[in-house]
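I opened this notebook to keep track of what I looked up in one structure. The entries follow the order in which I checked things.

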Amino acid sequence: MKLPDKYGKFGIFGGKFAPETLMSPLEELEKRYKETIKSGMFRKDLKYYLEVYAGRPTPLYFAKSFSEKIGARVYLKREDMAFTGAHKINNTIGQVLLAKYMKKTRVIAETGAGQHGVATATAAALFGLKCDVYMGEVDIKRQSLNVYRMKLLGSNVISVSSGTKTLKDAMNEAMRDWISSFERTHYVIGSVAGPHPYPMLVRNFQIVIGKETKKQLLKIEKKLPDYLVACVGGGSNSMGLFYPFENDRNVKFIGVEGGGKGLDTNLHSATLCKGSPGILHGSLSYVLQNKDGQIHPTHSISAGLDYPGVGPEHSFYKETGRAQYFAVNDNDALKAFHLLSETEGIIPALESAHAVSWVINNKEKFRQNDIIVINLSGRGDKDVQEVAEIEGTL
Ligand SMILES: *Cc1c(COP(=O)(O)O)cnc(C)c1O
């Protein structure tokens, strides 16, 4: 059976744990989404913008030198070559185009480091919709360049000063806005999290990654991969890669979380490795929480992995054993950041470096002919300054 079911559930996970006032916008969105994606016109427009504007299909690159170091055949899915430098654009072009088809005149989004905010602002500029981005006060200070980028793109950034003044609070505020504005506003969620239908909808806009990978790999290798490896923050780039292989039972799915300073400390964002089922942002999934259900502060060297929740479909994959989840700590991610840069001339995003690192750390287990695809979710230019400061080279 295709999941989610009609209640938006993946097994016990997912659903719509939202206040009554959010039910009608969510129902409207589900209904209009299902109608719209059937339209040939919408599909044609989406394909056009993904190709001509965002630069798809992205290459599947055989990393020859890196493969020699690992002792297996390693391919990189180059989402870092998508326009704006990461996979997030796949989702925002899809959702903002959907908003336009739903005759909305405004979009809103939440953002942590600003990556999803910038991707939403880009799509809003492209399709001519007004855009307001909610961002925690602390994040605004930390990510001033992305705040400027959003403004440059014609968006408005709204500072959030509740709670920890970071991503989860920005998401709460965006939901509050949407409750009173949904007649003309669409809320663009940035990952496969949130209440139904978002985990399904965002997944469906990201599966272009896995579909392309399958086609490209079958053409080159004439067989399916042994491993698919991707980093997991909210879980969208990994779900986009995994999903088209769901029924190919010999393809192993590996999700890599932000291990921060180590899983024996409290400074990590390894939700699936160390969390427990709970409710956050309208859905039942693994959450980093204390015994009272209060959300733990998280840490990761990469801002994109620094989230205390995860998409419900990943929790389902974990429970059923379809995917395995591991954590890579900050130091190992940094080593992988260097190694890929030196061996292939590709500077990966710190998020993606976690996936690269898992492959390096496990090279003993691979056979020479194993085919491994790593999702290179984004490029590392955004992280270069931070890494230089951490390493004291600036
Ligand atoms: C946001 C981001 C991630 C994490 O988000 P997912 O929803 O887990 O994909 C990973 N890599 C990059 C480059 C990002 O910008």
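**Entry 1: a covered helix**

I started with helix α9 (residues 198-206), which is mostly covered, with 8 of its 9 residues buried. Buried stands for under 20% relative accessible area, exposed for over 50%, and partly exposed for what lies in between (1.4 Å probe, protein chains only). The buried residues in α9 are Tyr198, Pro199, Met200, Leu201, Val202, Arg203, Phe205 and Gln206. Helices (H or I, at least four residues) and strands (E, at least two) are DSSP runs, numbered from the N terminus.

I noted what kind of model this is: it is predicted, local features need pLDDT of at least 70, side-chain atom pairs count only at pLDDT 80 or more, and totals for chains, interfaces and linings use all residues. Residues are numbered from 1 along each chain as its sequence is written, and side-chain values use heavy atoms, with hydrogens and water left out.

**Entry 2: salt bridges**

Next I looked up charged pairs. Side chains of opposite charge can pair when their charged atoms come close. The rule for a salt bridge is a side-chain nitrogen of Lys or Arg within 4 Å of a carboxyl oxygen of Asp or Glu. By this rule I get a count of 24 salt bridges.

I took aspartate 177 and arginine 106, whose side chains meet in a salt bridge at 2.8 Å, N to O. This pair links distant parts of the chain, since aspartate 177 sits in helix α8 (residues 167-181) and arginine 106 in strand β5 (residues 106-111), 71 residues apart. Are the two partners buried or exposed? Aspartate 177 has 12% relative accessibility and therefore counts as buried. Arginine 106 is buried too, with a relative accessible area of 7%.

I then checked aspartate 169 and lysine 168, which form a salt bridge of 3.2 Å, N to O. Both aspartate 169 and lysine 168 are buried.

In the salt bridge of arginine 367 with aspartate 370, the closest N and O atoms are 3.2 Å apart. Arginine 367 is exposed, at 59% relative accessible area, whereas aspartate 370 is buried, at 4%. I also found one network, in which salt bridges that share partners join Arg56, Lys77, Glu79 and Glu212.

**Entry 3: helices that cross**

I turned to pairs of helices. Axes are lines fitted to C-alpha atoms, for helices over the stretch in contact, and angles run from 0 to 180 degrees between N-to-C directions.

The axes of helix α1 (residues 20-38) and helix α2 (residues 40-53) come within 5 Å and cross at roughly 80°. This makes α1 roughly perpendicular to α2; angles of 65 to 115 degrees count as roughly perpendicular, under 35 as roughly parallel, over 145 as roughly antiparallel, and the rest as oblique. Thr36, Ile37 and Lys38 of α1 make the contact with Gly40, Phe42 and Arg43 of α2 (contact means heavy atoms within 4.5 Å).

I looked at helix α14 (residues 330-344) and helix α15 (residues 350-361), which pack at about 90° with their axes 7 Å apart. α14 and α15 are therefore roughly perpendicular to each other.
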